[in-house]
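Subject: Structure handover

Hello,

Here is the structure you asked about. Please open it first, then read the notes that follow.

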Amino acid sequence: MKFKGKILSLLIVASLVVSSMFSVGLAANYSDVDESSSYYQSISLLSALGLLKGYEDNTFKPDGDITRAEFAAVVVRAKGQEETAQSSQGDTIFEDVPGNFWGSGYINVATSLGIINGYGDGKFGPDDKVTYEQAVK
């Protein structure tokens, strides 16, 4: 199973717990997620909860890998820090994450909360695929 599938599985479990407490309408309409797919309801629920956003071209890429920046965004959203991330958009402590990078706010918040670290050489690798070990840590 690809790593994105493992992360999706963890998020599905979390969403089932949340959905048992709240009623959330399914709202995702990604062009590459068919309503008949086995993961449609899970992706829809996680999107309705605001944890997943998909891509600007209205795709979700369910079989793709998740990047370190995308993972930071999901974790920050799961912690309820979306607004803080939006207001934290800008320069980061990492030389490879410019202030105008879409995920700089998420990376700034996740770093300040001690959730993520860079590679130790001043770089974060925002477009690198997150590994299972990195996500678990």
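Arg68 lies over the face of Tyr119, at 4.4 Å from the ring centre. Arg68 also lies over the face of Phe124, again at 4.4 Å from the ring centre. A charge counts as sitting over a ring if NZ of Lys or CZ of Arg is within 6 Å of the ring centre and within 35 degrees of the ring normal.

Before going on, note that this is a predicted model, in which local features need pLDDT of at least 70, side-chain atom pairs count only at pLDDT 80 or more, and totals for chains, interfaces and linings use all residues. Residues are numbered from 1 along each chain as its sequence is written, and side-chain values use heavy atoms, with hydrogens and water left out.

Phe124 also takes part in a ring pair. The structure holds four aromatic pairs. In one of them, the rings of Phe94 and Phe124 have their centres 5.2 Å apart and their planes at 40°, so the pair is tilted. This pair links distant parts of the chain: Phe94 is in the loop between helix 4 (82-87) and helix 5, while Phe124 is in the loop between helix 5 and helix 6 (132-136), 30 residues apart. The rings of Phe, Tyr and Trp (its six-membered ring) pair if their centres lie within 6.5 Å; planes under 30 degrees apart count as stacked, over 60 as edge-to-face and the rest as tilted. Phe94 is buried at a relative accessible area of 8%, and Phe124 is buried at 1%. Buried means under 20% relative accessible area, exposed over 50%, and partly exposed in between (1.4 Å probe, protein chains only). Elsewhere, ring pairs link Phe101, Trp102 and Tyr106 into a cluster.

Now the chain as a whole. It has six helices and zero strands; helices (H or I, at least four residues) and strands (E, at least two) are DSSP runs, numbered from the N terminus. Of the 137 residues, 40% count as buried. The chain exposes about 8000 Å², and carbon and sulfur atoms supply 52% of that area, by the Shrake-Rupley method with a 1.4 Å probe; for residues, only the protein chains shown count as cover. Among contacts (heavy atoms within 4.5 Å) between residues at least 6 apart in sequence, 61% join residues at least 24 apart.

How many residues of helix 3 (residues 68-78) are buried? The count is 10 of its 11 residues, including Arg68, Glu70 and Arg77. Just after helix 3, Gly80 takes a positive phi of about 75°. In helix 2 (residues 40-48), seven of the nine residues are buried, among them Tyr40, Ile43 and Leu46.

Asp65 is in the loop between helix 2 and helix 3. At 30% relative accessibility, Asp65 counts as partly exposed. Its C-alpha atom is separated by 7.9 Å from that of Val130, 65 residues apart along the chain.

Last, Ser104 lies in helix 5 (residues 104-112) and is buried, with a relative accessible area of 0%. Its side chain is joined to that of Gln89 by a polar contact of 3.0 Å. A polar contact is a pair of N or O atoms within 3.5 Å; within protein, one must be able to donate a hydrogen and the other to accept it, and residues adjacent in sequence count only if both atoms are side-chain atoms. Leaving aside neighbours within four places in sequence, Ser104 is in contact with residues including Ser88, Gln89, Val97 and Pro98.

Regards
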